[in-house]
Amino acid sequence: MKNSETIFQKRKLTDVGAKLLGNGLAFIEGEKWAKHRKLANHAFHGESLENMTPAIIASVETMLEKWKGLEVKEIEVYNEFRFLTSEVISRIAFGSNYLEGEKIFAMLNKLKILVSQNIHKTAIPFINKLWKPADMLESEKLEKGIQDCVMEMIKKREDNVVSGEADSFGTDFLGLLVNAYHDLDDKNRVSLEDLVGECKTIYYAGRENVNSLLAWIVLHLAIHGDWQEKARREVIDIFGNQNPHLEGIAKLKIMTMIINETLRLYGPSHGLPRTVAREGQLGKFILPADIDILSLNIGPHRDPHLWGDDVHLFKPERFAEGIAKATNYTAAAFFPFGLGPRSCVGMTLATIETKIALSMILQRYTITISPTYVHSPIAIITIQPQHGIQIILEPLHSC
């Protein structure tokens, strides 16, 4: 769906949905989006990513230390990766840790559930002003709680500058936002509402997307032992038993193939919700104005005309010669992180984080699927395993 003619516009969020991500990059438009995107680009690209690598490694090491007591036992990795990705985004974007952000994560999780329950409900105009349903009241309470937590973080940065403990608000994402909040130039300044909105977006997306991706990859590696061994050999060849580094991460070709194939089958986002602003054509369909549509990723990602009759099988070799060749140079055939200038700003960070975590796991363990695992993907904004993903870890080397 091309938006060049402004036919397919971002769908307006429900009242409850706006409490979760309403003022963040994913749903804002125009000049405000350009300003916020510029800030995010600065925070999650280039030299900034290199500086984030030690924090990612430290977070993975903490998780792996805990896993030492779970060897040869069943472990539910979806929940394990939730703690990991929460810790990573807390460290690299907000200069804190999971424990400090725990209240925000808990409230965001409750909001996510409320959003999924209300995402297809149609609000009756003016009714919410007269009577608010229980979900709306709960979402407002959660929104206020998240804003209070973010305000505490902002005040801490401001107090450090005032007291002389710090000479700036910081260079991480929160620091850049606080600096923009205090900017004297109206063109660069962000409002408190926008600041809180972006914090919610990065907290949520930074955790959920990588959490789901890591879990689905580990499931596939546990099932497909041949690809697990190929990935392990590549990791050992490049890093030995040392921690990953960016130069080596860029050389992980087999792991990149595995990541792309997992994203094709179980990408974090299940679709692009859009509103048809005026009558237009989508493929062979003529769509009237003022209707909502959902373009499901599963359509092109599992289209046998694009990928072949084995489209539902896990076959990373599809991507052996890169994405362009795999899709026969059809850009819209593969868009796990969106398309064009509005593609996910954290895409490169998510890939690096995923490669570091997988490399460090494969250096230490073989992974097999537990007989208790039940396959049941479910869409709660992102594609998640409804009953978790249970695996068994076998250490490669005995101490």
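Reader: Which residue lies over the face of Trp307?
Author: Arg264 does, at 5.2 Å from the ring centre. Keep in mind that this is a predicted model.

Reader: And what lies over the face of Tyr266?
Author: That is Arg302. Its distance from the ring centre is 5.3 Å.

Reader: Back to Arg264. Which salt-bridge network is it in?
Author: Shared partners join Arg264 with Glu261, Asp310, Lys315 and Arg318 into one network. Within it, Asp310 and Arg318 meet side chain to side chain, 3.1 Å from N to O.

Reader: Is Arg318 buried or exposed?
Author: Arg318 counts as buried because its relative accessibility is 15%. Asp310 is partly exposed, with 22%. The cut-off for buried is under 20%.

Reader: How many salt bridges does the structure hold?
Author: It holds 18. Another one of them pairs Glu87 with Arg91, with the closest N and O atoms 2.8 Å apart.

Reader: Where do Glu87 and Arg91 lie?
Author: Both are in helix α4, residues 77-94. They are 4 residues apart, about one turn of the helix. Glu87 is buried at 16% relative accessibility, while Arg91 is partly exposed at 29%.

Reader: What does Glu321 pair with?
Author: Glu321 forms a salt bridge with Lys325, at 3.2 Å between the closest N and O atoms. Glu321 is exposed, at 63%. Lys325 is partly exposed, at 43%.

Reader: New topic. How many aromatic pairs are there?
Author: The structure holds 9. Take Phe44 and Phe173: the ring centres are 5.4 Å apart and the planes sit at 40°, so the pair is tilted.

Reader: Where in the chain are those two?
Author: Phe44 is in the loop between α2 and α3, and Phe173 is in helix α8. They are 129 residues apart, so this pair links distant parts of the chain. Both Phe44 and Phe173 are buried.

Reader: What about Phe319 and Phe334?
Author: They form a tilted pair too, 5.2 Å centre to centre with 50° between the planes. Phe319 is buried at 3%, and Phe334 is buried at 8%.

Reader: Last one. Which residues form a nonpolar patch on the surface?
Author: Leu294, Leu296 and Ile298, with about 250 Å² of accessible area together. Leu296 is in strand β6, and it is partly exposed at 38% relative accessibility.

Terms used
Residues numbered from 1 in each chain as written. Predicted model: local features only at pLDDT ≥ 70, side-chain atom pairs only at ≥ 80, totals over all residues. Heavy atoms only, no water. Patch = residues over 30% accessible without salt bridge, like charges linked within 9 Å, V, L, I, M, F, W, Y side chains within 5 Å. Areas by Shrake-Rupley, 256 points an atom, 1.4 Å probe, with all protein chains shown as cover. Salt bridge = Lys/Arg side-chain N within 4 Å of Asp/Glu carboxyl O. Buried < 20%, exposed > 50% of the residue type's maximum accessible area, 1.4 Å probe, protein only. Phe/Tyr/Trp six-rings, centres within 6.5 Å; stacked < 30°, edge-to-face > 60°. Lys NZ or Arg CZ within 6 Å of the ring centre and 35° of its normal.
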